[in-house]
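Hello,

Below is the structure I said I would pass on. My notes on it follow, with the cut-offs given where each term comes up.

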Amino acid sequence: VWLGLAFIVLASLPAIAFLLNWGERGLVLSASSRAREATALASAREREREQVNAYTSALSRVDDVESIARRLIDSVTSLLGVELAALVLHSDGEAHGIHATLEGKELPWWRELRLDLSQPSAIASATFEAAPFAVYDVQSSPNVNRDLAERFGAKSGVWVPLIASEQVIGVLAVVTTNEPRAFRPDEIALLHELASETALAIARSRSGEALERALERERLVAR
């Protein structure tokens, strides 16, 4: 009996060794795959950082709100690959459309948009919460403007406030129209950073315009 058992054990050794080696090989492959994923993620983050830095640098060379809005929308669509990106600025309790693109094409009618902030909308929610407002299923959400959602065929979106001097001066809207998308926390943080830089640039632009108007008034009085 013992002799037969010994033969069985000896015969099993190659198979056992093969399984052990295969297990080790699987661990090596798994570790290698994770390393490649980590490298790819790090590369993507580096490219994002380069684009954000380029955007911030470009803002220092722009002094009007329309140009700032165009650069913001271009950067957002490039970084996140979304179909729709739009900017509104607030005045007298309304959101005024500034610039928007859908699948790379400008939407001229957006500049005529006037949205009452006292009415339910994602823009109003981001404004009064002074924080990013994300919606996965736009069609079933009670907190979006139904007319705009249906006009765009919106699926998912994130609305990010622009805050300057502790005041919400506008909202950046980032929306998918092809399929639903759960925006990751790091993507929302990236949008928040872009919105913050944009708010500062717009505040500087408005201050410069106000100064120009004041100087012009002084010149007229001096004549």
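The lining of the largest cavity has 14 nonpolar residues, 2 polar ones and no charged ones. Here Ala, Val, Leu, Ile, Met, Phe, Trp, Tyr, Cys and Pro count as nonpolar, Asp, Glu, Lys and Arg as charged, and the others, Gly among them, as polar. A cavity is a set of points, on a 1 Å grid over the protein atoms alone, where a 1.4 Å probe fits but cannot get out, and lining residues have an atom within 4 Å of a point. Volume is the space filled by probe spheres set on the points, with grid points joined across faces, edges and corners.

This is a predicted model, in which local features need pLDDT of at least 70 and side-chain atom pairs count only at pLDDT 80 or more, while totals for chains, interfaces and linings use all residues. Residues are numbered from 1 along each chain as its sequence is written, and side-chain values use heavy atoms, with hydrogens and water left out.

The cavity

There is 1 cavity of 30 Å³ or more in the structure, and the volume of the largest cavity is about 180 Å³. Its lining comes to 16 residues, and L148, A149, F152, W159 and V175 are the ones that lie nearest the centre. Two or more lining residues come from each of β1 (84-91), α3 (122-129), α4 (146-152) and β7 (167-176). The element that gives the most is α4, with 3 residues. Helices (H or I, at least four residues) and strands (E, at least two) are DSSP runs, numbered from the N terminus.

Overall

The protein has 5 helices and 7 strands, arranged along the sequence as α-α-β-β-β-β-α-β-α-β-β-α. Of its 223 residues, 37% count as buried; buried means under 20% relative accessible area, exposed over 50%, and partly exposed in between (1.4 Å probe, protein chains only). The accessible surface is about 13200 Å², and 57% of that belongs to carbon and sulfur atoms. Areas come from the Shrake-Rupley method with a 1.4 Å probe, and for residues only the protein chains shown count as cover. Among contacts (heavy atoms within 4.5 Å) with a separation of 6 or more, 54% are between residues 24 or more positions apart.

Helix α3 and the residue after it

Because 6 of its 8 residues are buried, α3 is largely enclosed by the rest of the structure. The buried ones are A122, I123, A124, S125, A126 and T127. Their cover includes β1, β2, β4 (114-116), β5, β6 and β7.

A130 follows α3 and has a positive phi, near 50°. A130 lies in the loop between α3 and β5 (133-135) and is partly exposed, with a relative accessible area of 38%. S165 sits in the loop between β6 (156-164) and β7, and counts as exposed because its relative accessibility is 72%. For reference, most residues other than glycine have a negative phi.

T101 is in strand β2 (residues 94-102) and counts as buried at 8% relative accessibility. Leaving out residues up to four places away in sequence, T101 touches I73, T77, E83, L84, A85, E106 and L107.

One of those, E106, forms a salt bridge with R111, with the closest N and O atoms 2.6 Å apart. A salt bridge here is a side-chain nitrogen of Lys or Arg within 4 Å of a carboxyl oxygen of Asp or Glu, and by this rule there are 6. E106 is partly exposed at 31% relative accessibility, and R111 is partly exposed too, at 34%.

E187 takes part in two of the salt bridges: with R181 at 2.7 Å, N to O, and with R184 at 3.3 Å, N to O. E187 counts as buried at 9% relative accessibility, whereas R184, at 36%, counts as partly exposed. Elsewhere, salt bridges that share partners join E66, R70, E106 and R111 into one network.

Regards

How values were computed. 1 Å grid on protein atoms, 1.4 Å probe; cavity = no way out; pocket = protein on both sides within 12 Å on 5 of 7 lines; lining within 4 Å.
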